[in-house]
Amino acid sequence: MDVKSVRGLVGNKLSFESVSADNGLKRAANMTADEIISQVIASGLRGRGGAGFPTAKKWEFARSEKGDSKYIVCNADEGEPGTFKDRLILTDFPDLVFAGMAIAGKAVGAEHGILYLRAEYAWLRDHLEKVLEWRRSAKLLGKGLFNNKYFNFDIQIRMGSGAYICGEETALLESLEGRRGDARNRIPFPVQAGFLGKPTVVNNVETLAWVPCIIEKGPSWFSAMGTKKSPGAWLFSVSGDCKRPGIYEYPFGTSLHQLLEDVGGEDAKAVQVGGASGLCVPPTGFSRTLSAGDLATGGSIIIYGPEQDMFDVAENFQHFFADESCGQCVPCRIGNVRLLDAIRKMRKAGLDAETERTLRQLTSTMRTASKCGLGQSSTKAFLSILDNFKNELPPVVGEAKATAAAE
Amino acid sequence: MEGQSPVQLEVERLIRVHGRNRTALMPILQELNRAHSYLSEEAMLCVSKELGVPRAEVYGVATFYSFLSVRPRGRFVIRMCRSISCAKQGKFHPVTAALMEELGISFGETTPDGLFTLEKTNCMGMCDQGPAILVNEDVHVKLTVASVLEIIDDYRRKAKAEGFGKKIA
Ligand SMILES: Cc1cc2nc3c(=O)[nH]c(=O)nc-3n(C[C@H](O)[C@H](O)[C@H](O)COP(=O)(O)O)c2cc1C
Ligand code: SF4
């Protein structure tokens with residue numbers, strides 16, 4: 001399959017187009033691990049997989065662990081509904097990702113890299129294998145990078161098999177080890193005991209792609225793009241009711257207004273920021289900014305036009321969570337199904353105050369008692385829709401009669 | 001190697017490629033699933049024995065992942081994206097209807113000739129170009145009623161070229 005044929009629209013100029021992956025890698029090859037890490041610290045780079053953890057800190061933790069067998073895992077599971085930036089990066093800029101993994105390897109002291117590719121992207125596999133093959137032959141991968149016998153790093157591709165939860169880093173590691181994707185307890189963290197119990201750094205595709213750019217152009221080139229608190233730029237996957245869906249790069253601190261204008265979605269009734277596990281923002285919130293302090297996201301932006309039934313959205317996402325829960329813990333396994341039933345019911349017969357109280361209690365239990373991020377954030381979309389669009393529900397059957405009688 | 005069934009031979013070949021350890025379980029199941037569209041009981045038992053992984057765990061893994069199946073499926077598994085971002089594309093419903101009508105089956109079913117299975121799947125990362133389907137490992141985007149019918153025809157021709165029908169007959 002020709003991977004470029006499904007590349008889609010890139011709406012503005014991407015920073016990745018202006019760098020060559022291997023200048024950064026070459027520089028890193030001549031740097032010490034400390035130097036690499038201090039450059040990444042100075043850039044302020046944070047993870048792009050959703051949690052926004054400072055990348056250099058993660059690397060430092062893994063570096064300080066003893067042992068000569070460590071792993072760098074690139075998380076290409078990209079399962080959050082409405083996210084497809086990693087797909088574009090793997091299509092157009094795979095060299096950046098692989099160079100980023102090798103640089104991470106040098107910083108951490110790891111010689112093995114694994115790219116965990118979601119099954120839905122199996123059509124990208126041949127393309128990626130070819131790039132890996134080319135890199136090996138060019139001494140950019142494998143034994144002795146740049147003919148330096150102390151710099152060894154190779155990458156293998158492992159496939160997922162269709163499970164959203166395997167994007168969660170500990171579930172991903174379980175899957176790599178040949179198990180069900182059941183999220184692990186944290187402590188130990190993957191940086192301490194990850195793949196096969198060895199120190200493992202798990203980073204998102206985009207996080208890794210920024211690394212060689214930062215090393216080549218310097219940390220201030222990167223941090224100058226965003227705000228003081230959220231330095232850098234970000235790729236956004238924009239879909240839904242707008243004229244120009246596609247991939248857009250923005251510096252942190254960009255407002256939703258600006259984004260909507262650029263993509264031709266000015267008449268939006270709401271914007272879903274962060275996918276199914278993100279927030280649904282009504283027009284009163286369109287001046288909010290995309291940044292670590294305000295609307296932090298994994299880069300998914302779904303736009304809902306005036307015609308959209310918002311509880312159709314809530315039901316669609318709730319179905320997604322009920323389907324994708326790994327089933328290990330009760331609040332998530334049962335809670336998401338209960339919530340789905342309740343949404344279906346309220347779309348027909350409205351929502352009375354008593355039921356609403358119970359449901360809110362349920363969501364708070366799910367948020368606090370679930371083991372991993374899936375269960376903890378699976379109520380966000382529903383709650384933000386309930387808070388902002390409750391008027392779209394039909395009147396409660398009994399209440400409608402009561403109001404009619406009173407009038 | 002007399003007395004070995006084709007499945008045993010196949011599993012042994014896969015073990016030579018991927019290794020005889022627990023981390024090889026997923027790649028081996030994935031390849032078996034890819035070759036046969038599903039994991040037969042015989043295949044799972046054989047993998048369990050050869051890798052020394054308890055049967056219950058092999059079955060547990062096989063049933064956890066939505067792209068692995070323990071029930072026979074068609075030569076081509078068509079997965080239609082059901083996420084809201086894809087479903088929002090205006091042509092979504094006509095395309096779904098056209099697919100069901102052309103194949104004469106609903107979601108979760110396989111055509112009587114064993115050629116196609118129709119399934120729904122969660123976001124496949126094609127939200128900017130929906131409606132989208134995956135057919136086995138290939139993705140098709142920006143579907144219209146006309147293009148989806150053409151795609152089905154292409155796969156029918158492909159199956160014919162493989163001599164697919166003859167195998168069952
Ligand atoms: C349910 C769930 C799904 C996730 N899916 C992904 C994913 O598809 N891709 C990803 O990079 N991170 C995903 N994450 C976040 C990862 O657990 C992890 O934080 C991330 O890969 C770390 O990389 P980063 O620091 O570069 O962001 C997910 C988390 C949760 C809780
Ligand atoms: S919160 Fe949900 S997905 Fe996470 S471990 Fe519990 S059941 Fe599994």
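Me: Which residues come nearest to ligand 1?
Reply: The model considered here is predicted. In it, 18 residues lie around ligand 1. Those that come nearest are A:G49, A:K58, A:N75, A:N204 and A:T207.

Me: How far is an N or O atom in the side chain of A:N204 from an oxygen atom of ligand 1?
Reply: Oxygen atoms of ligand 1 also lie beside backbone atoms: a polar backbone atom of A:R48 is 3.1 Å away, and a backbone N or O atom of A:G79 is 3.3 Å away. For A:N204, the atom concerned belongs to the side chain. Its distance from an oxygen atom of ligand 1 is 2.8 Å.

Me: What area is buried between chain B and chain A?
Reply: The contact involves 34 residues of chain B and 55 residues of chain A. Carbon and sulfur atoms give 56% of the buried area. In chain B, the residues that lose the most area to chain A are B:F64, B:I84 and B:K88, together 21% of what that side buries. The area buried between the two chains is about 3200 Å².

Me: Which residue of chain A meets B:D128 in a salt bridge?
Reply: Two salt bridges are counted between chain B and chain A. In the one formed by the side chain of B:D128, the N to O distance is 3.3 Å, which lies within the 4 Å limit and therefore qualifies as a salt bridge. The partner is A:R87.

Me: Which helix of chain B gives the most residues to the side that touches chain A?
Reply: Between chain B and chain A there are 21 residue pairs in polar contact. Helix 2 (25–36), helix 4 (55–64), helix 5 (84–87) and strand 4 (138–140) of chain B each supply at least two residues to the side that touches chain A. By class, that side has 16 nonpolar, 11 polar and seven charged residues. The element that gives the most, with five residues, is helix 4.

Me: How far apart are the centres of domain 2 and domain 3 of chain A?
Reply: Chain A is divided into domain 1 (3–223), domain 2 (233–304) and domain 3 (310–397). Domain 2 of chain A brings 11 residues to its contact with domain 3 of chain A, which brings 13 residues. The area buried between these two domains is about 1000 Å². Taken over C-alpha atoms, their centres are separated by 23 Å.

Me: Which residue forms a salt bridge with A:E392?
Reply: Between domain 2 and domain 3 of chain A, the count is one salt bridge. For the salt bridge of A:E392, the closest N and O atoms are 2.6 Å apart. The partner of A:E392 is A:K269.

Terms used
Residues are numbered from 1 along each chain as its sequence is written. Chains are lettered from A and ligands numbered from 1 in the order in which they are written. This is a predicted model: local features need pLDDT of at least 70, side-chain atom pairs count only at pLDDT 80 or more; totals for chains, interfaces and linings use all residues. Side-chain values use heavy atoms; hydrogens and water are left out. Domain bounds come from an automatic or database domain assignment. Contact means heavy atoms within 4.5 Å. Buried area is the accessible area (1.4 Å probe) that two parts lose on being put together, summed over both. A residue is near a molecule or strand if one of its heavy atoms lies within 4 Å of it. A polar contact is a pair of N or O atoms within 3.5 Å; within protein, one must be able to donate a hydrogen and the other to accept it, and residues adjacent in sequence count only if both atoms are side-chain atoms. Helices (H or I, at least four residues) and strands (E, at least two) are DSSP runs, numbered from the N terminus. Ala, Val, Leu, Ile, Met, Phe, Trp, Tyr, Cys and Pro count as nonpolar, Asp, Glu, Lys and Arg as charged, and the others, Gly among them, as polar.
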